[in-house]
Amino acid sequence: MQKEILFATNNPHKLEEIRAIAGRHFRVLSLGDKNFKGDIPETSATIAGNALQKARYIHAILGSDCFADDTGLEVEALGGAPGVYSARYAGENATYHDNVVKLLTALEGISNRRACFKTVIALILKEQEYLFEGQVCGQITTRLSGTGGFGYDPVFRPDGFPETFAEMSAEQKNSISHRALATSALTDFLLRQV
Ligand code: IMP
């Protein structure tokens, strides 16, 4: 029987991506599968801290082994911003589009468009905590292109590719993304457990 692991997220895009990447080896359960509907706090000042906070929160409430991810977009010319504040860059209730517009505005007239997506996955397994990381670097484009993906995907062009994440197929993004790298490290680890 396929092993099960709970993904502590309320983000349907992330769930779909992680299922596409890890689903070959594991049945990735959602919080919906556990009838959990509440918000998950993420108030740490670091990406790893937020990933751990989310995993610990769900572990404390549901008592199950689980993993959570946190991602930030670090833009060189902005001193690493929005980083851990990527979801709230344009304000507490900002939409993905609001955040993208704020980013393009902040970079107007700036030629250094270097940026990296960083994902940290925190796993709680048998009361032990583990961290897995993935990073992909590239350029912030000057305008939005593509309709796939989510978040900053329409303005992020990974190194070595002519298109943004949002112009790629889900399969292509899921084979090279920050989340794919962190998820592969997670699945490699889980597959080594007995
Ligand atoms: P979170 O805190 O891990 O939910 O992610 C913070 C923000 O980063 C999200 O609200 C998105 O705007 C952005 N983000 C996370 N993952 C991705 C991705 O794979 N592509 C584009 N943006 C992302």
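A polar contact is a pair of N or O atoms within 3.5 Å. That cut-off is used in the first view below. The model shown is predicted.

**View 1**
Start at Lys173. One of its polar side-chain atoms lies 2.8 Å from an oxygen atom of the ligand. Move on to Asp153. An N or O atom in its side chain is 2.6 Å from a nitrogen atom of the ligand. Then find Asp70. Here an N or O atom of the side chain is 3.0 Å from an oxygen atom of the ligand. How much of the ligand's accessible area does the protein cover? On its own, the ligand has 480 Å² of accessible area, and the protein covers 95% of it.

**View 2. A shell of residues surrounds the ligand.**
The shell holds 16 residues. Lys14, Thr71, Asp153, Lys173 and Arg179 are the closest. By type, the shell has 7 charged, 5 nonpolar and 4 polar residues. Where does the ligand sit? Its space is the largest pocket. Two elements each give two or more residues to the shell: β3, residues 66-75, and α5, residues 178-192.

**View 3. The largest pocket, with its lining.**
This pocket has a volume of about 820 Å³. Its lining counts 32 residues. Closest to the pocket centre are Asn11, Lys14, Glu42, Lys54 and Ala87. Lys14 is also among the closest residues to the ligand. Which elements give two or more residues to this lining? They are β3, α3 (96-106) and α5. β3 gives the most, with 4 residues. The lining divides into 11 nonpolar, 11 charged and 10 polar residues.

**View 4. The second largest pocket.**
Turn to another pocket, with a volume of about 230 Å³. It is lined by 14 residues. Lys3, Glu4, Ile5, Asp65 and Leu125 lie nearest its centre. Strands β1 (3-7) and β2 (26-29) each give two or more residues to the lining. Which element gives the largest share? That is β1, with 4 residues. The lining of this second largest pocket has 7 nonpolar, 5 charged and 2 polar residues.

**View 5. A cis peptide bond at Pro82.**
Follow the backbone from Ala81 to Pro82. Is the peptide bond between them cis or trans? The bond is cis, and its omega is near -5°. Pro82 belongs to strand β4, which spans residues 82-83.

**View 6. Asn35 has a positive phi.**
Look at the loop between β2 and α2 (47-62), where Asn35 is found. What is the phi of Asn35? It is positive, about 60°, although Asn35 is not a glycine.

How values were computed:
Residues are numbered from 1 along each chain as its sequence is written. This is a predicted model: local features need pLDDT of at least 70, side-chain atom pairs count only at pLDDT 80 or more; totals for chains, interfaces and linings use all residues. Side-chain values use heavy atoms; hydrogens and water are left out. A residue is near a molecule or strand if one of its heavy atoms lies within 4 Å of it. A polar contact is a pair of N or O atoms within 3.5 Å; within protein, one must be able to donate a hydrogen and the other to accept it, and residues adjacent in sequence count only if both atoms are side-chain atoms. Accessible areas come from the Shrake-Rupley method with a 1.4 Å probe; for residues, only the protein chains shown count as cover. On a 1 Å grid over the protein atoms alone, a cavity is a set of points where a 1.4 Å probe fits but cannot get out, and a pocket is an open set with protein on both sides within 12 Å along at least five of seven lines; lining residues have an atom within 4 Å of a point. A molecule sits in a cavity or pocket if more than half of its atoms lie within 2 Å of its grid points. Ala, Val, Leu, Ile, Met, Phe, Trp, Tyr, Cys and Pro count as nonpolar, Asp, Glu, Lys and Arg as charged, and the others, Gly among them, as polar. Grid points are joined across faces, edges and corners, and a volume is the space filled by probe spheres set on the points.
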